[in-house]
Amino acid sequence: MNLIKVIGCFTCVAIFAVGSSLVCAGSLTVGSYNIHHGEGTDRVTSLQRIAEVIDSMSVDVIALQEVDFANSRSDYIDQAESIASMLERLSEGSVWVALPAPAISFGGGEYGNAILYNAKSVSQKKYRVVTLPDPYGDGARSIGISTLEKEGTLFQFGTTHLTHINNPSPTVPGLTIQEESMSIIQHELDGSIPAIVSGDFNAGFSIVNPESMEYWEKSLGWNVDSPKEQSTYPGISEAIDFITRSNTLGWSVVNSRVVVDGRTKVASDHYPIVTTYQTVPTSADQIFLEAENYTYMSGVQTESTNDTGGGLNVGYIDAGDWLAYHDIDIPASGNYKIEFRVAAMDGGSLSFERAGGHPVYGTLKVPDTNGWQNWTTISVTAYLDAGVQNFGIGVPQGGWNLNWIRLTAQ
């Protein structure tokens, strides 16, 4: 047993095993809130009420939508910065940081999304804003993506607000505007780091554009963790605001709720949502890849998985098919244990290689697990060079499913 790991766990919520290593479970609370530029259902604009609602949620980080940035409607106030300052006054000792993610120019300023995080509990590594498509004049959308860390857990956190005009995409046949935006978000995130994307998706599960959230869950493999069937917008009987996650092996939901009380019924025209996770520390010598987050592929399909963590696995794998995973940052040259989470009815084989087919780092037999959803982990050890690499998985013999890949420095 590693003494350093045991000492580090004394203040954790719990200790449990992932693979063969003992790890500490941490806690992370996130929220999402469409603040309607501070205007409540009583038509009074009050950022103080918004700040009081957020303070009551006790979040580490929160995604905001419909935020004014120094435009005429809000007297040229940066609303995200103002709310951050109010939160510091409401909670003594907190240090709130605002990250703007404007989507459009408006009233001499800007308008869009923002992230607020408490720098006393989380630290920021990097941040960027990505523009999403303009749906037929409804206005361009955006997602702000921050890489944060809390108690050794590195994660990405995104805030977005998708359009309610969910027409077919003019640029991607077969997808709606929302689905195209979701695909862009998926592409922009680092597939080797846990990710949470929160916001106003303007889509539900059975009433409002059900195909969009179905695409998010079933086609892209995200877990929707906030309540699905409880209204987040009065007048609609189900949620349209969500907290979602991906690449979170070992994470679990502690609780999740829509915040409905006397204050939230007035402060905005949306209700806020909040989810608390039990997390797993991110190992500096480990890289985790969901199989479905390939950069390119030939011949395979994705499907829902019954494996731990849910989401999608890659299936329908036949001889000659392949998968490619690009821009994987190997921190140091050396030997790595490369694990593959597989299931098979009759067994087969896979090869792990540099994208393009050379060199081949190892070829493994995939055992018969007696079922397409009966999962086991196989591994090979290979020497990998430091730097950004493109890896591939070849298929000498098909007939198996793949859920994830994990690279661990030895």
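Two strands are taken to pair if DSSP finds at least two bridges between them. The structure discussed here is a predicted model.

**Confidence**

The protein chain has a mean pLDDT of 90, and 93% of its residues reach 70 or more. Over residues 1-23, however, the pLDDT is below 50, although this stretch has 33 contacts in the model beyond near neighbours in sequence. Where pLDDT is low, the predicted coordinates should not be read in detail.

Strand S4 and strand S5 pair in the antiparallel sense. Within this pairing, alanine 101 has asparagine 113 of S5 as its bridge partner. The hairpin of S4 and S5 has 2 residues between the strands, and glycine 107 takes a positive phi near 55° there. Strands S8 and S9, by contrast, pair in the parallel sense. The bridge partner of histidine 161 is aspartate 200, in S9. The table sets out the two pairings.

| Strand pair | Residues | Sense | Bridges |
|---|---|---|---|
| S4 and S5 | 96-106 and 109-118 | antiparallel | 10 bridges |
| S8 and S9 | 153-161 and 195-200 | parallel | 6 bridges |

S8 and S9 also belong to an open sheet of 6 strands, with the order S6-S7-S8-S9-S11-S10 and mixed pairing. Strand S6 (123-132) and S10 stand at the edges of this sheet; each has a single partner strand, so one side of each is left without a neighbour in the sheet.

**Helix H3**

Helix H3 covers residues 79-90 and has 12 residues. From its first C-alpha to its last, H3 reaches 16 Å, close to the 16 Å expected at 1.5 Å a residue. At the start of H3, a side-chain oxygen of aspartate 78 comes to within 3.1 Å of the backbone nitrogen of alanine 80. The buried residues of the helix are Gln79, Ala80, Ser82, Ile83, Ala84, Met86 and Leu87. An α-helix has 3.6 residues a turn, so residues three or four places apart point the same way. The cover over the buried residues of H3 includes helix H2 (47-57), strand S3 (61-69), S4 and S5.

**Nonpolar cores**

The largest nonpolar core has 31 residues, of which Phe340, Ile393, Leu402 and Leu407 touch the most other members. Elements giving two or more residues to this core include strand S14 (286-290), strand S18 (322-330), strand S19 (334-344) and strand S24 (400-409). S19 provides the largest share, 5 residues. Leucine 407 touches, among others, Ile287, Leu289, Ile330, Tyr336, Ile338, Phe352, Leu384 and Phe391, residues up to four places away in sequence not being counted. The contacts of leucine 407 also include Asp285, Gln286 and Lys337. Another core, of 25 residues, lies apart from the largest one and has Tyr33, Val67, Val259 and Val274 among its members. In soluble globular proteins, nonpolar side chains tend to be buried together.

**Two individual residues**

Threonine 279 is found in strand S13 (residues 273-279). Because its relative accessibility is 3%, threonine 279 counts as buried, the cut-off being under 20%. Its side chain makes a polar contact with the side chain of threonine 153, at 3.3 Å.

Isoleucine 236 is found in the loop between strand S10 (223-224) and strand S11 (241-246). With a relative accessible area of 21%, isoleucine 236 is partly exposed. Isoleucine 236 and isoleucine 115 are 121 residues apart in sequence, and their C-alpha atoms are 26 Å apart in space.

Notes. Residues are numbered from 1 along each chain as its sequence is written. This is a predicted model: local features need pLDDT of at least 70, side-chain atom pairs count only at pLDDT 80 or more; totals for chains, interfaces and linings use all residues. Side-chain values use heavy atoms; hydrogens and water are left out. Helices (H or I, at least four residues) and strands (E, at least two) are DSSP runs, numbered from the N terminus. The expected span of a helix is 1.5 Å times one less than its number of residues. Buried means under 20% relative accessible area, exposed over 50%, partly exposed in between (1.4 Å probe, protein chains only). Contact means heavy atoms within 4.5 Å. A polar contact is a pair of N or O atoms within 3.5 Å; within protein, one must be able to donate a hydrogen and the other to accept it, and residues adjacent in sequence count only if both atoms are side-chain atoms. pLDDT is the predictor's confidence in each residue, from 0 to 100. A nonpolar core is a set of buried Ala, Val, Leu, Ile, Met, Phe, Trp, Tyr and Cys residues joined through side-chain atoms within 4.5 Å.
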